[in-house]
Amino acid sequence: MASLIKILPEHLANKIAAGEVVQRPASVIKELLENALDAHATSITVILKDAGKSLIQVVDDGDGMSPEDAVLAFARHSTSKIASYEDLENIRTFGFRGEALASVAAVSQVELKTRREETPVGTKVVVHGGTVLDSSEDTSPRGTTIMVKNLFYNTPARRNFLKSDTTEFHHCLEAVHRIALAYPEIGMTFFSDTEKIFSLRSSTLQKRLADLFGEKAAGSAFYFEEQHPTVTLHGFLGKPDFSRKTRAEQYIFLNRRFILNRSISHAVLKGYEHLLEKGSFPFFTLFLTLDPRKVDVNVHPSKMEVKFEDESLMYRTVYHSVQHALSAHDLLPVMEVKGPGSQSDRAAFTSAFPDKGSVNRIMNWRELLGGGAESGHASLGSGQIQPERGGTGSDVKGGRDGGFGATGAVQQGGDLPGVQIPAPVLMQLHAKYILIPIENGVMLVDQHAAHERVLYERTVKCFGRHSAPVQQLLFPIVQEMPAGDVALLQEMLPLMEDLGFSFKIFGKTTVILDGVPADIRPGNEKTILRDILDLYKEDEHNVGLEPREKLAKSYSCRAAVKAGESLNQTEMQALLDQLFATEVPYVCPHGRPVSIKISVTELDKRFGRTS
Ligand code: ADP
Ligand code: MG
């Protein structure tokens, strides 16, 4: 009996293998761009027709190929990039498998034109479905032009599997973005169906970010760099006010190769903890540089997935670096932990992260005041000023004294048991900011932003519970409104009731308000509905935001104490206590900072002091 096992003819094997490398036009673009980079191109043009389904053309000004290589390039496992196993351990080029061109050519109609510097005439090679049809001399400029036509023309099942042009185009654009970001020094031009999508000159990473994502996005991000023994990190981190509802604008590169790595993404996000709402994602571009031997890029043919030698070290390093960078920009204001060895910045950083468990804790503002008796700074704030102002002291006690005592932060160690130093005098600046003397400087809190944060978190929790206290109005307020606004109120009625509003709608344009949430300060009842509606509508362009989130934002903004309102000690302390009990105390719901910290070191610098 004849053998049942047959060796697959090469063109069939190629077709099958192509499935791993070539899933869609975007994967072809990725491979062709990487080849251009490996060939030292300085300028690359990408041209698409029908989202790459009919044509993907990549033109580079790189090294080019000799006539022999131009044909050989299409054979499986033909590569000029590695020759031995040792090379495989030390990969510095994108390609190394010698699979891409063979795979692409197996499922399309390819025309390649190429010329090396030293040869006057170039070469043209035509390959259809993996079969070389023609190889001839050609007049081509130095470099390589490759045209991939009718992708999957001979594998109809795969062709049918492609998504709409819009979707495929989006993937293509993403593939080009990734390379454009990783190689800002390379000029990149991108056409789609004769429309010029962009034409970018060689530039810096910052400029490239602006070119690709707009000035606003780039301007909202700051540069950072961190060196660690095994890895160097650099890139741009978006400030919280530019957060997104999707993870789309997050880029991680490893040795300038785009990677998908959930653990690293998570580590970055974790670095932003307490700065972003749940469901918000930062905009960032992160470059990791490490010894190629410490990472296995060989785990997946598309090479977007990598394995690190020490995954958990990598996670911690990224997390701490991002957190450190954000706190260095005073976006995460409370980072220094008192203790031996916290002299230098660097030491403060490490001592702030003694172990994994304590990292996530948000400090209470009272803990920032310092360690009590042994701290000179703290006694200035609490011990010296306070006793002279007995009146204020009683004010403090009337407030949230119990909570204050419980933290023990400014308790005087050696004194009578149970006797506490009163909290420091808080100062309200310009009826806008609260000034708090803290152990290593001063902290300023924006009273409106702080209250907004408090109300926002409380509001979000109210929805669906009907538990908010209602303040019944003695005289219901009758309001005439445009029909559109009334319809909107009608839609939001259940959510508004959860917040503590009580109103009835009459006809198309009349609303009678007879109860408001307890947060609404007297005098504001008449305008509150109008104000909330206006803000709510303003947020309309904010697509992707749920109605309840939008309502929570507009409500907390309108109900919060405003700049210009004066607060007494008790109110300021209560506000700070509530603020630091929230989940995201450092940013308001709109992403603006709630507090800033000025360190004594910073003050010394400004005053030109050396000690
Ligand atoms: P790999 O990149 O893994 O080596 P490819 O199939 O992508 O495999 O390419 C095969 C070979 O063809 C490369 O090793 C390189 O020598 C040559 N080649 C491909 N594209 C280009 C290009 N744009 N410029 C110069 N040489 C190229
Ligand atoms: Mg390649």
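Leaving aside neighbours within four places in sequence, I44 is in contact (heavy atoms within 4.5 Å) with L33, A36, L37, V58, V59, D60, I186, G187, M188 and T189. This is a predicted model, in which local features need pLDDT of at least 70 and side-chain atom pairs count only at pLDDT 80 or more, while totals for chains, interfaces and linings use all residues. Residues are numbered from 1 along each chain as its sequence is written, chains are lettered from A and ligands numbered from 1 in the order in which they are written, and side-chain values use heavy atoms, without hydrogens and water.

I44 also belongs to the largest nonpolar core, which has 63 residues; I29, I44 and V148 have the most contacts inside it. Such a core is a set of buried Ala, Val, Leu, Ile, Met, Phe, Trp, Tyr and Cys residues joined through side-chain atoms within 4.5 Å, where buried means under 20% relative accessible area (1.4 Å probe, protein chains only). Helix α7 (residues 165-182) gives this core its largest share, 8 residues. Another core, of 51 residues, lies apart from it and includes I252, L326, L579 and F580.

Ligand 1 has 18 residues around it (a heavy atom within 4 Å), of which N35, T79, S80, K81 and G98 come nearest. Its polar contacts (pairs of N or O atoms within 3.5 Å) include the following.

| Residue and part | Ligand 1 atom | Distance |
|---|---|---|
| N35, side-chain N or O | oxygen | 2.8 Å |
| L101, backbone N or O | oxygen | 2.8 Å |
| T144, side-chain N or O | nitrogen | 3.3 Å |

The protein buries 91% of the 530 Å² that ligand 1 exposes when taken alone (Shrake-Rupley method, 1.4 Å probe).

Technical notes. A polar contact is a pair of N or O atoms within 3.5 Å; within protein, one must be able to donate a hydrogen and the other to accept it, and residues adjacent in sequence count only if both atoms are side-chain atoms. Buried means under 20% relative accessible area, exposed over 50%, partly exposed in between (1.4 Å probe, protein chains only). Helices (H or I, at least four residues) and strands (E, at least two) are DSSP runs, numbered from the N terminus.
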